[in-house]
Amino acid sequence: METMRDALDHGPEAGDDDARYAAELLDRLSHSKFRASFSLGAADRAYAWSKGIPVVAGHARELLRARVGAARPFKDGKQTPYRGHPVFVAQHATATCCRSCIARWHGIPVGVTLSDRQIERLATLVTAWIQRDLDAHPRPTPASVQPRKRGRGRGRAGTPKQPTLF
Ligand SMILES: [Zn+2]
């Protein structure tokens, strides 16, 4: 019988598998009052929009590898800030913030270096959480900003241009 761990190490459909795992975990996490309490702040959301999901997914891989990838990470349990990057917030929301949370929620024991497959799987989850947060909060566009007074003045032509955020 193939175990979950075997499935992590090989398999041609790793990407589909990871997406399924992310969907299952997002559902489980939604039942935790603590995990479900996180959401992105406006600055993190704007940052994620400006970079785009593929870039943010790359950041998730890099940050997970650097901060929770080692068998015994530096300052484990305190290494993930609560602000400063959308991935940090997503890590708390998805229980990928430290090795004890990863052990409890993802069944990967403390004291073992995370494999590339495990990093990829957790990064997929982190990215899916960020994507879901963005989907729940549509990007504000200049067109969606209503002029203060309708039917007076010069209308849209008089609307000042939105400043570029990034
Ligand atoms: Zn933790």
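Me: Which residues in α2 meet α8, and which in α8 meet them?
Reply: A14, D18, A19, Y21, A22, L25 and L26 in α2 meet R117, E120, R121, T124, L125, A128, W129 and R132 in α8. Contact here requires C-beta atoms, placed from the backbone, within 7 Å. Helices are DSSP runs of H or I with at least four residues, numbered from the N terminus.

Me: Where do the numbers come from?
Reply: Residues are numbered from 1 along each chain as its sequence is written. This is a predicted model, with local features needing pLDDT of at least 70, side-chain atom pairs counting only at pLDDT 80 or more, and totals for chains, interfaces and linings using all residues.

Me: At what angle do the axes of α2 and α8 cross?
Reply: At roughly 55 degrees, and the axes come within 9 Å. That makes α2 oblique to α8. Axes are lines fitted to C-alpha atoms, for helices over the stretch in contact, and angles run from 0 to 180 degrees between N-to-C directions. Under 35 degrees is roughly parallel, over 145 roughly antiparallel, 65 to 115 roughly perpendicular, and the rest oblique.

Me: And α6 with α8, what angle?
Reply: About 105 degrees, with axes 9 Å apart; α6 is residues 86-93. The two helices are therefore roughly perpendicular to each other. On the α6 side the contact uses P86, V87, A90, Q91 and A93, and on the α8 side V126, W129 and I130. Those residues divide into 7 nonpolar, 1 polar and no charged.

Me: What does A90 touch, beyond its sequence neighbours?
Reply: Leaving aside neighbours within four places, A90 is in contact with V126, W129 and I130.

Me: Switching to the core. Which residues touch the most other members of the largest nonpolar one?
Reply: A60, V87, A90, L125, V126 and W129, out of 27 residues. A nonpolar core is a set of buried Ala, Val, Leu, Ile, Met, Phe, Trp, Tyr and Cys residues joined through C-beta atoms within 7 Å.

Me: Which helix gives the most to this core?
Reply: α8, with 7 residues.

Me: Last one: is P138 buried or exposed?
Reply: P138 is exposed, because 8 other C-beta atoms lie within 10 Å. The cut-offs are 20 or more for buried, 12 or fewer for exposed, and partly exposed in between. P138 is in the segment after α8 (116-136).

Methods
Two residues are in contact if their C-beta atoms, placed from the backbone, lie within 7 Å. Ala, Val, Leu, Ile, Met, Phe, Trp, Tyr, Cys and Pro count as nonpolar, Asp, Glu, Lys and Arg as charged, and the others, Gly among them, as polar.
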